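Reader: I would like to learn how to read a model at the level of single residues. Where should I start?

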Amino acid sequence: RNIEVPQGFQAKDEENPPAYQGDINRYYLRFAQVYENRISFGVTLEKDPGEAFFRNSNKQGFDFMSAHFMYKKVNKTIDRLVLGDFRAQFGQGLILNTGFSPGKSAFVTTTRRSGAPLNRFTSVNEQNYLRGAGATLRLNKKMTWTNFVSFRKRDGNVIQSDTSDIDLAIQNLNSLQLSGLHRTQREIEGENTLQQLSLGTSLKYKVAKGNIAANVLYTQF
């Protein structure tokens, strides 16, 4: 018995197969194309160790599949357009932040977060992103208006409610699964059990030493 192989990949006996449906390999494929720093599109595919590959719960192959399209400075009105998977940041990331945020440092200037409200998503983080469409409109030299809509499925821990009628069994979710792993039967049962609709709008006005913005967010599970 090889002690270097995690227990999830090992079968206890002939009647008890390994807890993980897939093999120990990790597969990662990424393609991205950028044109004149204005147009960007790409695809990201990933399979984690222990997840099935072209069989069982992942007959499509990769467990995580992501695609994006971003067009900056489309015309005088549309400053940025994003389609597919994207990131959003409102209010210095305190109101909404689906991107990477480094921690504090000794420099006071790092407390201010910069970056566009909408940006492409190219990571393999299976939770911290939006999926849909968004656009930033330049109303005049000092005012911009950002809008987005996102609809995606999320993983959750399912609990069956107590009922005497099996046909009327109600499924409840007591928490979200944030690992993005779908290796065991329990993890697979919680895959894509929840639907999340997110809407957002931000109206920003540039002043002498900063910006003033009004932000509205709506999320429905």
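## Reading single residues

Author: Start with a residue in the loop that joins strand 2 to strand 3: asparagine 56. This is a predicted model, with pLDDT of at least 70 needed for local features and 80 or more for side-chain atom pairs, while totals for chains, interfaces and linings use all residues. Numbering runs from 1 along each chain as its sequence is written, and side-chain values use heavy atoms, without hydrogens and water.

Reader: What is phi in asparagine 56, positive or negative?

Author: Most residues other than glycine have a negative phi. Asparagine 56 has a positive one, near 50 degrees.

Reader: Is glutamate 36 buried or exposed?

Author: The call rests on relative accessible area: buried is under 20%, exposed is over 50%, and partly exposed is in between (1.4 Å probe, protein chains only). Glutamate 36 counts as exposed because its relative accessible area is 55%. Asparagine 56 has a value of 36%, so it is partly exposed. Across the protein, 31% of the 221 residues count as buried.

Reader: Where does asparagine 58 lie?

Author: Asparagine 58 is in the loop between strand 2 (39–47) and strand 3 (64–72). Its relative accessibility is 0%, so asparagine 58 is buried.

Reader: Which residues does asparagine 58 touch?

Author: Touching here is a contact, meaning heavy atoms within 4.5 Å. With residues up to four places away in sequence left out, asparagine 58 touches Glu51, Ala52, Phe53 and Asp63. For Ala52 there is a distance to look up in the model: a polar atom of the asparagine 58 side chain lies 3.1 Å from the backbone oxygen of alanine 52.

Reader: How far apart are the C-alpha atoms of aspartate 85 and serine 123?

Author: The two C-alpha atoms are separated by 9.9 Å, and the two residues are 38 residues apart along the chain. Aspartate 85 counts as buried because its relative accessible area is 2%.

Reader: Which side chain does the side chain of aspartate 85 join in a polar contact?

Author: A polar contact is a pair of N or O atoms within 3.5 Å; within protein, one must be able to donate a hydrogen and the other to accept it, and residues adjacent in sequence count only if both atoms are side-chain atoms. The partner of aspartate 85 is the side chain of serine 66, at 2.6 Å.

Reader: Where is arginine 138, and which residues does it touch?

Author: Arginine 138 is in strand 7. Leaving out residues up to four places away in sequence, arginine 138 touches Lys76, Thr77, Asp79, Met143 and Thr144. One of these, threonine 77, is 61 residues apart from arginine 138 along the chain, yet the two C-alpha atoms are separated by 5.0 Å. Another, aspartate 79, makes a polar contact of 3.4 Å with arginine 138, side chain to side chain.

Reader: What is the relative accessibility of arginine 138?

Author: The value is 36%, so arginine 138 counts as partly exposed. Aspartate 85, in contrast, is buried at 2%.

Conventions
Helix = DSSP H or I, 4+ residues; strand = E, 2+ residues; numbered from the N terminus.
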